[in-house]
Amino acid sequence: MTTPAQTDSTEAKASTAVVLTDVAAQKVKALIEQEGRDDLRLRVAVQPGGCSGLRYQLFFDERSLDGDIVTDFGGVEVVVDRMSAPYLTGATIDFADRIDAQGFTIDNPNAGSSCACGDSFS
């Protein structure tokens, strides 16, 4: 049985999380294994910059910062800092390995516009 307080807490956590596709999770896991470390997590952040005003940052990090939102995707932890969370709510991170596209992609419902390169948004 779930109390109303538990339901609200779960919904609040889910609404602030990014989604990592299975393909992206497999790629992150493989990259972490190549590093030979088991303490790394994928950190997703938003920073000022880029041609549209804000840009995405994806990098491996072992740190834990106050206010981090951590979500596990099949053994891969994705971390979003509290300042970036509002910009990334509901964003989906995928990995493409095709002739026309290669690398991580972010489909962000919060982006009003983005540049042609896909690295920055507003």
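Predicted model: local features only at pLDDT ≥ 70, side-chain atom pairs only at ≥ 80, totals over all residues.
A search of the whole structure turns up one aromatic pair, and it is formed by F95 and F104, with ring centres 4.9 Å apart. Why is the pair called edge-to-face? The ring planes stand at 65 degrees, and the cut-off for edge-to-face is over 60.

**The overall layout**

Now for the whole chain. The protein chain has three helices and eight strands. Starting at the N terminus, their order is α-β-α-β-β-β-β-α-β-β-β. Of the 122 residues in the chain, 31% are buried. The accessible surface comes to about 7,500 Å², and carbon and sulfur atoms account for 50% of that. If you look at contacts between residues at least 6 apart in sequence, 53% of them join residues at least 24 apart.

**The nonpolar core**

In soluble globular proteins, nonpolar side chains tend to be buried together. Here, the largest nonpolar core has 22 residues. Among those with the most contacts inside this core are V18, L20, L42 and V44, along with V78, V80 and L88. Several elements each give two or more residues to the core, including the helices α2 (22-35) and α3 (85-88) and the strands β2 (41-48) and β6 (92-97). Which element gives the largest share? That would be α2, with four residues.

Leaving out residues up to four places away in sequence, V18 touches F73, V78, V80, L88, A91 and I93.

**A closer look at α2**

Helix α2 has 14 residues and reaches 20 Å from its first C-alpha to its last, close to the 20 Å expected at 1.5 Å a residue. Its buried residues are A24, A25, V28 and I32. Seen down the helix axis, these buried residues fall within an arc of 100 degrees, so they line one face of α2. Turn to the face pointing away from that buried side and you find the exposed residues D22, Q26, E33 and Q34. Just after the helix comes G36, which takes a positive phi of about 75 degrees.

A25 lies in helix α2, while G103 sits in strand β7 (residues 102-107). Both can be paired with a residue from another part of the sequence, as the table shows.

| Pair | Separation in sequence | C-alpha to C-alpha distance |
|---|---|---|
| A25 and F73 | 48 residues | 6.7 Å |
| G103 and K27 | 76 residues | 9.6 Å |

Is A25 buried or exposed? Its relative accessibility is 10%, and buried means under 20%, so A25 counts as buried. Not counting residues up to four places away in sequence, A25 touches L20, F73 and V76.

G103 has a relative accessible area of 16%, so G103 is buried as well. Apart from its neighbours within four places in sequence, G103 is in contact with D94, F95 and A96. That brings us back to F95, whose ring pairs with the ring of F104.

Definitions and conventions:
Residues numbered from 1 in each chain as written. Heavy atoms only, no water. Buried < 20%, exposed > 50% of the residue type's maximum accessible area, 1.4 Å probe, protein only. Contact = heavy atoms within 4.5 Å. Areas by Shrake-Rupley, 256 points an atom, 1.4 Å probe, with all protein chains shown as cover. Core = buried A, V, L, I, M, F, W, Y, C linked by side-chain atoms within 4.5 Å. Phe/Tyr/Trp six-rings, centres within 6.5 Å; stacked < 30°, edge-to-face > 60°. Expected span 1.5 Å × (residues − 1). Arc of directions from axis to C-beta.
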